[in-house]
Amino acid sequence: MKNVDQNTITQAVLERMGDMPDARLKTILTSLVHHLHDFARDVTLSEEEWMHAIQFLTRTGQKCDDKRQEFILLSDVLGLSMLTVAMNNQKPPGCTEATVFGPFFVEDAPIVPLGGDVAQGAPGQPCTVSGRVVGSHGQAVAHAQLEVWQADEEGFYDVQRPELHALQARARLQADSEGRFHFNTIVAEAYPIPTDGPVGELLRATGRHPWRPAHLHFMIKAPGFETLITHVFRNGDKYLESDAVFGVRESLIADWVKQPDGNTQLHFDFVLNESHD
Ligand code: BEZ
Ligand code: FE
């Protein structure tokens, strides 16, 4: 097709993709082209703005390495990550809700026995975490596998500290035969997501703060159940209403109770959804 104009270009692109063998890819790309073209027409995108966006995305890619995923961060602050989580994790009432994965998960975290130390030297106030993993009928999920990870009291994950030679404040644990777990760690504190890259530019340009309310990450797996990726948030945190990545759910907020001996205790029970495949 020759002589496309600002209206006929959309159909021209879609016709060029007409023979795609992968039906799902065709659905996704067709919708993407429609929305992208409508967006450009809607804002009457200038050539300078188009180039600005290309350069922004280029810098986003250049900021990525094996420890830094700026594209996930971009998806997070635009609400795309949470939208995808919300659409794909609709569970029966009573099941623990999911939230964003975030960019700081690391495979093969240290295996820690129940009652062990997850912090491994990370700076922070002592905290004991306990709870139980059950199914949607209240039945114990025996030997559920838990992965936990968190920032330290200065707001950094271990992977953000190049001086460290070992992982800190993350672990893999196995619940007991009743689904119960407990471990020692440090109190999670609110922290800003990284702002030294293009996502930081975007937040500044849009007048947004980068803070996430204090939370502890969990990924829980057990045969016969859907994997749960979630956080527990600390009640009272001043960023609960304005999380930079839109991840807070009321049902995931818990009291982190300071004890007279200075230790903080968190208790949280997780309800997994049975898998049906
Ligand atoms: C996190 O909670 O680790 C996180 C989530 C989204 C963006 C940045 C950090
Ligand atoms: Fe986090």
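Which residues line the second largest cavity? In this predicted model, that lining is made up of Ala122, Gln150, Ala151, Asp152, Phe156, Tyr157, Asp158, Arg161, Gln168 and Ala169.

## About the model

Residues are numbered from 1 along each chain as its sequence is written, chains are lettered from A and ligands numbered from 1 in the order in which they are written. Because this is a predicted model, local features need pLDDT of at least 70, side-chain atom pairs count only at pLDDT 80 or more, and totals for chains, interfaces and linings use all residues, while side-chain values use heavy atoms, with hydrogens and water left out.

## The cavities

A search of the whole structure turns up two cavities of 30 Å³ or more. (A cavity is a set of points, on a 1 Å grid over the protein atoms alone, where a 1.4 Å probe fits but cannot get out; lining residues have an atom within 4 Å of a point. A volume is the space filled by probe spheres set on the points, which are joined across faces, edges and corners.)

The largest cavity has a volume of about 90 Å³. Its lining has 14 residues, with Gly102, Pro103, Phe104, Tyr191 and Arg212 nearest its centre. The second largest cavity holds about 30 Å³ of space.

## Ligand 1 and its shell

Ligand 1 sits in the largest cavity, meaning that more than half of its atoms lie within 2 Å of the grid points. The elements giving two or more residues to its shell are helix H4 (70-77) and strand E7 (215-221); helices (H or I, at least four residues) and strands (E, at least two) are DSSP runs, numbered from the N terminus.

Of the 13 residues around ligand 1, Asp76, Tyr191, Arg212, His215 and His217 come nearest, where "around" calls for a heavy atom within 4 Å. An N or O atom in the side chain of Arg212 is 2.5 Å from an oxygen atom of ligand 1. For Tyr191, a polar side-chain atom lies 2.7 Å from a ligand 1 oxygen atom, and for His215 the distance from a side-chain N or O atom to an oxygen atom of ligand 1 is 3.0 Å.

## The largest pocket

Let's turn to the open space. The largest pocket (a pocket is an open set with protein on both sides within 12 Å along at least five of seven lines) holds about 1000 Å³ of space. Of its 26 lining residues, Leu36, Phe39, Ala40, Leu45 and Ala53 are closest to its centre.

Helix H2 (23-43), helix H3 (47-62) and helix H6 (198-205) each supply at least two residues of this lining. H2 gives the most, with nine residues.

Methods: Polar contact = N/O pair within 3.5 Å; in protein donor to acceptor, adjacent residues only side chain to side chain.
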